[in-house]
Amino acid sequence: MNEKNNSKNINFDKKILVMGLDNCGKTSIVLCLRGIQNLMSFYSLNPTKGINMDRFNILNTDITIWDYGGQEQYRNNHITKLQDQINDANKLIYVIDIQDLKRYDLALEYFKKIIEIINKNNFLLNVTIFFHKWDPDLRLLKKEIKEENINNLIKQLEIIIPSNIKFKMQKTSIYTIFQKTDI
Ligand SMILES: Nc1nc2c(ncn2[C@@H]2O[C@H](COP(=O)(O)OP(=O)(O)O)[C@@H](O)[C@H]2O)c(=O)[nH]1
Ligand SMILES: [Mg+2]
């Protein structure tokens, strides 16, 4: 083991899990966090198989990101193994594709399973929900996304999350260099 890997340094690492349904934008978000700005990288993404781990440095902190493939074939397996993977995580980013109205319920169902594991084990980690693909002019371009859909989604999320778990909700988009706005 070399110097860099001693336990002192490892204590400063942050582990972030990124979860959500397939195609909601998880891998694109990881690319944004890594500072990748070449748009072609976003167009050539294939669905993530299993879990993709990535380690990089942001503001002097080593970050390990676990990008969970969101396809149906992987989701049950992730839930079964999550307890052991989330226990030392610092943060969970749960991504919901705001443009995928038809799958809000499925996204909530998956999130509920994750929250149950966190709650049952009293894991202390930050939970942030990204309302992703909230592109500029979203409301103009996607008229079917109404205020009441979003409000209802927020309400459902608040019901799922017990009061002892700290959470945040943010609108995000890969356009306009990864916009983040508090809800
Ligand atoms: N409109 C829009 N599309 C996005 C955004 N983020 C990702 N995408 C697209 O959504 C698709 C799925 O993205 P990907 O990162 O592979 O999703 P993953 O399956 O959750 O990892 C790709 O075609 C991306 O270009 C966003 O903020 N807005
Ligand atoms: Mg992916």
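None of the 8 residues of strand β2 (residues 51-58) is buried, so β2 lies largely in the open. This description, like the rest of the report, refers to a predicted model.

Strand β2 is joined to strand β3 (residues 61-68) by 8 bridges, and the two run antiparallel.

## Helix α4

Helix α4 (residues 72-86) has 15 residues, which at 1.5 Å a residue should span 21 Å. The end C-alpha atoms of α4 are 20 Å apart, in agreement with that expectation. The helix also bends, by about 45° at Thr80.

## Ile150 in helix α7

Ile150 belongs to helix α7 (residues 147-160). Is Ile150 buried, partly exposed or exposed? It counts as partly exposed because it has 17 C-beta neighbours inside 10 Å, where a buried residue would need 20 or more and an exposed one 12 or fewer.

Ile150 and Tyr104 are 46 residues apart along the chain, and their C-alpha atoms are separated by 9.7 Å.

## Loop residues with positive phi

Most residues other than glycine have a negative phi. Asn122 has a positive value, near 50°, and is not a glycine. Asn122 is placed in the loop between α5 (104-120) and β5 (126-132). With 8 other C-beta atoms within 10 Å, Asn122 is exposed.

Asp137 is not a glycine either, yet its phi is positive at about 65°. The loop that holds Asp137 runs between β5 and α6 (138-141). Asp137 counts as exposed because it has 8 C-beta neighbours inside 10 Å, and the cut-off for exposed is 12 or fewer.

How values were computed. Residues numbered from 1 in each chain as written. Chains lettered and ligands numbered in written order. Predicted model: local features only at pLDDT ≥ 70, side-chain atom pairs only at ≥ 80, totals over all residues. Helix = DSSP H or I, 4+ residues; strand = E, 2+ residues; numbered from the N terminus. Expected span 1.5 Å × (residues − 1). Bend = angle between axes of the 7 residues up to and from the residue. Pairing = 2+ DSSP bridges.
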